[in-house]
Amino acid sequence: MKILGISAHYHDSAAALVVDGVPVCAVQEERLSRHKNDATFPLGAIEWCLDHAGLEPADLDAVVYYERSMRKFDRILTSALRTFPHSWRSFPSAMKNSLGEKVWVRGIISAHLGVPRTKILFTGHHHAHAAAAFFTAPTRRAAILTADGVGEWATLTVGHGERRASGGAELTLLREVRYPHSLGLLYSTFTAYFGFAVNEDEYKVMGLAAYGRPTMTDAVRKVIRRTPDGAFALDMKYFEYQTTAARSYSPRFIELFGPPRNPYEPIDLETAEGRRFADCAASVQHVLEETLVDMTGALHRETGLPDLCLAGGVALNGVANARILAESGFERVFVPSAPGDAGCALGAALYADRVYFGNPDRDVPDHPFWGPAVDGQELARAAREDDQIVEELDDAALIERIAGQLAAGRIVGWMEGASEFGPRALGHRSILAAPHAAEMRDRLNRDIKYREAFRPFAPVVPIETADRFFELPPGGARLARFMSGVFPVRPEWRDRLAAITHVDGSARLQTLERDMAPRLHALLEAYGRRTGIPVLLNTSFNVAGEPIVNRALEGYSTFRRCGIDALVAGPTLVVKRASSPARTLKEHVA
Ligand SMILES: [Fe+2]
C-alpha cells in the first residue's frame with residue numbers, strides 16, 4: 001500500500017511517503033523551495049517524493065493530511081466568537097486564512113494531485129505527532145506524550161502505543177489539554193516577549209535560560225497553574241493570543257514581568273536588564289521542565305511502561321527532555337528526528353497505514369536520513385567551472401585529509417547521502433569544526449552563522465567514547481541519537497571542549513553509532529587519532545535565515561559566501577583558495 005502524508009499551511013510543510021508500511025522518503029518543503037519555514041502546500045516535496053519512488057499520483061492508495069481541518073476551523077471560529085468583540089481585529093484574518101486554505105484541504109489535494117476525494121484522509125494532529133514518535137521508535141510498547149502550540153483543539157495529549165507480536169498495532173490517546181491552555185504557546189509567548197521570532201526562535205529562550213537563575217518562577221506560576229487532575233491551565237488575563245494575532249501577551253503580563261525586550265537591541269548580560277531577561281528565561285524554562293517531569297512521572301506510574309515516546313514542538317526542548325529521562329521514571333525516552341509539524345507528514349502516513357488500514361506492523365529503520373541525496377559530481381562540476389581546487393578521493397584518503405584540516409582549525413562543510421528529516425543536522429548536512437577553543441565558537445557565530453554570541457554549538461561524538469567526555473545517564477545515549485537531550489560536559493573536559501560547552505557546562509550532543517553515518521564516524525575516529533579527542537563541533541549547514549542546504553549546489557553557494565574553508569560532498573573535496581591560515585590547536589588539545 002502506498003500512502004502519502006502531508007503537513008502544510010501552518011509552520012513547516014512537508015511530505016512523506018510510506019510504501020508497504022515502511023517510510024521511503026520524507027522532506028520539508030523549505031529544503032526544496034529554499035524559503036525557511038515554508039508553510040505553503042508542499043508541491044515540491046510531494047513531487048520529489050513521488051519521483052524518488054517512481055510513482056504517479058494515481059498509484060497512491062491514500063493521501064493523508066496531518067490534521068482535521070474542519071475541527072481546526074471549528075476551534076478558530078469558536079475561540080474568535082467566544083472572545084468577540086475583543087477578537088474583531090483577528091477575526092477576518094483568521095477566517096480568511098482558514099477559508100482560503102485550511103478548510104478546503106480535500107479540494108486542494110484533489111486538485112493538485114488529481115487523486116479522487118475518497119482517497120484523501122485526515123488524522124488528528126496529535127495522533128500524527130504521536131504516530132511520528134511511536135511508530136518510528138525501536139520499541140514495541142510505550143507511553144506517549146505530545147505537546148505543541150496547538151493542533152485542532154489539543155495542545156498536549158498523553159496515551160500509549162502497542163505493536164503486537166501478532167502483527168497489529170494500536171495507538172491510544174487517553175487525555176488532552178485543550179486550547180488556549182498550551183505549554184507550547186506559553187513558551188512562544190515568552191519567545192515573543194524576549195523579542196525573538198515565534199515558532200522559530202524558541203530554542204533561543206532555552207539557550208538564554210542557561211545564563212540566568214530561575215528567580216521568577218513564582219511569577220511564571222501565576223500565569224500557568226497546575227490543576228487537580230494533573231494537567232495545567234493558563235491564566236488567560238496574561239495572554240492575548242486568543243483574541244488577536246498581533247500580540248501574544250497582555251498588559252498584565254508586562255506588569256508582572258516588566259517591559260518586553262526591544263528586538264533591535266542586543267541582549268547585554270552585563271546589564272541588569274539583560275540579566276532580567278535571562279532570569280525570566282530560566283524561570284519559564286524551569287516551570288516548563290517541572291510541569292513536563294510531573295506529567296510524565298504520572299504517566300509512568302499510570303502505564304507502568306519503561307519507554308516513553310515524546311513528540312510535538314515542545315519535544316525539541318533538549319533540557320526538558322533530559323530532565324524527563326532523569327526524573328520521570330521512564331528508562332528510555334524516544335524523540336523522533338522531526339518531532340515538530342513537519343514530522344506529522346510521516347506520522348500521518350504511518351498512522352493511516354497501521355491504524356486506519358490496519359496493515360501489518362513493520363520496523364521502521366532507525367535513522368533520520370529520508371531526504372534527497374547529495375551528488376558529488378554536481379559539486380565537482382560547479383567548483384571546476386568556478387576555478388576552484390577540486391579533488392576526488394577515496395574514503396580513507398578523504399577522511400584523513402579532512403581530519404587534518406579540522407585539526408588545523410579549518411571549518412568544513414560536510415554533505416553526505418540523503419538529507420536529514422527534521423531541524424537538526426545529524427551528520428549529512430553539517431558544518432564541522434574543532435570543538436576546543438571558544439574562539440572557534442565566536443568565529444562560527446561571526447563569519448558563518450551570523451548569530452547571537454550566547455548561542456552554543458553542539459558536539460558529535462562516537463557512542464563508544466561519549467561517556468568519557470559527557471555525563472550521560474542510562475538512556476542518555478539514546479536520547480542523544482537525534483540530538484534531543486542536553487547533558488553535562490564532564491568538568492575536566494570543559495576547557496578543552498570550550499566551543500561546544502554552554503555557559504552552564506552542558507552540551508546538546510549527538511552520540512553517533514557507526515551504522516547511522518559510517519563516514520562521519522570514521523572521521524571522528526581519525527580526528528581522535530590526531531588530537532586525542534574524538535569530538536567535533538557539528539552545526540547545521542546553513543547561514544542565518546536560510547534553510548539547511550539540500551543539494552550540492554546550495555552547499556557550494558553557501559561555502560562561497562561565508563567562512564567555510566573546505567567542502568565535501570560524497571567523494572568530492574573543494575578547498576577554498578586563499579583559505580584562512582592554518583593554526584595549530586596543540587595548546588587546546590594537549
Ligand atoms: Fe503540532
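Leaving aside neighbours within four places in sequence, Arg 560 is in contact with Asp 386, Gln 388 and Lys 576, where contact means heavy atoms within 4.5 Å. This is a predicted model, in which local features need pLDDT of at least 70, side-chain atom pairs count only at pLDDT 80 or more, and totals for chains, interfaces and linings use all residues. Residues are numbered from 1 along each chain as its sequence is written, and side-chain values use heavy atoms, with hydrogens and water left out.

Arg 560 sits in helix H20 (residues 552-561); helices (H or I, at least four residues) and strands (E, at least two) are DSSP runs, numbered from the N terminus. With 39% relative accessibility, Arg 560 counts as partly exposed. On this scale, buried means under 20% relative accessible area, exposed over 50%, and partly exposed in between (1.4 Å probe, protein chains only). Elsewhere in H20, Ala 552, Glu 554, Gly 555, Tyr 556, Thr 558 and Phe 559 are buried. The cover over the buried residues of H20 includes helix H1 (29-33), helix H14 (376-385) and strands S15 (412-415), S23 (566-569) and S24 (572-575). Val 486 is 74 residues from Arg 560 in sequence and 32 Å from it in space, C-alpha to C-alpha.

Another backbone feature to check is the peptide bond from Tyr 179 to Pro 180, which is cis, with omega near 10°. Pro 180 belongs to the loop between S8 and helix H7 (183-193).

Five strands form an open sheet with mixed pairing, in the order S8-S7-S6-S11-S12; two strands pair if DSSP finds at least two bridges between them. Strand S8 (169-178) and strand S12 (332-334) stand at the edges with a single partner strand each, so one side of each has no neighbour in the sheet. Direction ignored, neighbouring strands of this sheet are turned by 20° against each other on average; the axes are lines fitted to C-alpha atoms, and angles run from 0 to 180 degrees between N-to-C directions. Strand S7 (residues 154-163) pairs with S8 in the antiparallel sense over nine bridges, and Gly 159 stands opposite Leu 173 in S8.

Now for the metal. The protein donors of the iron ion are His 125 (NE2), His 129 (NE2), Asp 148 (OD) and Asp 341 (OD), lying 2.1 to 2.2 Å from it. Donors are N, O and S atoms within 2.8 Å of the metal (3.2 Å for Na, K and Ca), and sites may look incomplete because water is not among the atoms. Along the chain, the donors follow the spacing H-x3-H-x18-D-x192-D. His 129 lies in helix H6 (residues 125-134) and Asp 341 in the loop between S12 and helix H13 (343-356), so the pair ties together parts that are 212 residues apart in sequence. Both His 129 and Asp 341 are buried.

Finally, a word on confidence. The protein averages a pLDDT of 91, and 92% of the residues score at least 70; pLDDT is the predictor's confidence in each residue, from 0 to 100. Over residues 579-590, pLDDT stays under 50, and the model has 26 contacts beyond four places in sequence for them.
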